[in-house]
Amino acid sequence: MPSCSLRVRAFAGAAHLALLGALLPPPMAAAQPAAPPPPVAPTAAASPPVAPAAGDVIPVQLVAGRALPLNGFPVAKVTVANPDIADVVVVGEGDVVITANAAGETDIILWGSAAGTRRHYRVTVRSAADRRQVVLAVKFAEVRRETLRQLGTSLLYRAVNGNTRVGTGAFRTDQPFTEPGQVTLPGESRFLTVLTSFNTRDLLALLDAEEQRGNARYLAEPTLMAANLEEASFLAGGEVPIPLVQGGVAGQQAFVTIQFREFGVRLAFRGEVLSDSLLKLKVRPEVSSLDYTNAVTIQGFRIPALRTRRVESTVDVLTNRSLVISGLFNEEREMVRTGLPYLGAIPVLGALFSSKRWQRNESELVVVVSPVLVDAGAPRPADLLRFAPDTTLPARPALERRLPPDTLRR
């Protein structure tokens, strides 16, 4: 074999050098007598090296289909226990590549050019989905922009003789007038109120106006973990009871049962590991809220509707990357005008006989999904929750009962 001839040549070269050194006379400058010649090195093969200890085994973990280059160690001979699991390709005298073929475990031994040198590798090959967990970090962000503008006018005309009374808005009844000459404004008055009698004894007007603007942001940041090809779900919200009427057939009495329906921020996902860097991810984020505007009343029960925004998608995502789902806009506009018939439609002057309420709501939902692959046998430090003990000596209460009294006082 070439490897054997290489080793034999190396040993023969060392023997010739030893013989040459023995035949040459010692240097003239040496004052001491020459040392005895060294023994001649044997030209035969060296004795087999001692088997390596357990600590000399180098563990290597690879994923099927991957390779690991090794260099810096002159290789003369290679031994592979099971080439079907992992094999070795010799690129040069000091460069080899370990290739992972199938899941399993095998040993690879690299024999060095120098006598008695070798390296023992224990290669563990696993599939991409073997013992892998999918950690999904999700961020829900809802940005809401609300605008509410209200403008109202209340008028009261009361004749001096007391025979005629006309009132609109807050003055449609005499409830605001507690005592003669005193007016109590209603509690639902808006930010700005102007009360005037126009310097008359018959007319009283109340003008109130208000505008509201608000920005709200609701966040939920769940982190879910599931095994390969398994599902996980998350819900931050509640459940609303919904009555269901059952029975009612001839001869049977109808009865009401309660069914609970979930609402809030919900997430469901299912991950499939395609490789050590690629995931097939099925996500279903959902945000729902109670809508009492479209509620239904059944037998005295007011059942709210559910306002839902939901996305369901299946995509391939690289690990440690983020997938952004956005563009879920919701816009609502509402304008309500209340006033006297015909008079409220008069240009300019019609504002004195009507009240207007204008509301606009805008919201956008953004979902950021970040998958990460972790090993079930070696979790990340971020996935571990460590609890500090209450004391550095957990068994102290049990030991104190057995210690001498003078020891406890120290």
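Guide: On a 1 Å grid over the protein atoms alone, a cavity is a set of points where a 1.4 Å probe fits but cannot get out. The model here is predicted: local features need pLDDT of at least 70, side-chain atom pairs count only at pLDDT 80 or more, and totals for chains, interfaces and linings use all residues. Residues are numbered from 1 along each chain as its sequence is written, and side-chain values use heavy atoms, without hydrogens and water.

Visitor: How many cavities of 30 Å³ or more does that rule give?

Guide: The count is 1. The volume of the largest cavity is about 40 Å³, where volume means the space filled by probe spheres set on grid points joined across faces, edges and corners.

Visitor: What makes a residue part of the lining, and which residues line the largest cavity?

Guide: A lining residue has an atom within 4 Å of a point. Those of the largest cavity are L70, N71, G72, F73, V75, G94, D95, V96, L110, R119 and Y121. Two or more of the lining residues come from each of β2, β5 and β7 (118-126). By class, the lining divides into 6 nonpolar, 3 polar and 2 charged residues; Gly counts as polar, while Asp and Arg count as charged.

Visitor: Why are β2 and β4 called edge strands?

Guide: Strands are DSSP runs of E, at least two residues long, numbered from the N terminus, and two of them pair if DSSP finds at least two bridges between them. An open antiparallel sheet of 3 strands has the order β2-β5-β4. β2 (67-71) and β4 (86-90) each have a single partner strand, so one side of each is left without a neighbour in the sheet. The twist averages 20° from one strand to the next, with axes fitted as lines to C-alpha atoms and angles run from 0 to 180 degrees between N-to-C directions.

Visitor: How do you know that β4 and β5 pair?

Guide: β4 and β5 (residues 95-100) are joined by 5 antiparallel bridges, and the definition asks for at least two, so the pair qualifies. V89 has V97 in β5 as its bridge partner.

Visitor: What is the strand order of the sheet of 4 strands?

Guide: This open sheet runs β1-β7-β6-β3, with mixed pairing. β3 and β6 (residues 104-112) run antiparallel over 5 bridges, and V75 stands opposite G112.

Visitor: What makes K77 count as lying over the face of W111?

Guide: K77 is at 5.0 Å from the ring centre. The rule asks for NZ of Lys or CZ of Arg within 6 Å of the centre and within 35 degrees of the ring normal.

Terms used. 1 Å grid on protein atoms, 1.4 Å probe; cavity = no way out; pocket = protein on both sides within 12 Å on 5 of 7 lines; lining within 4 Å.
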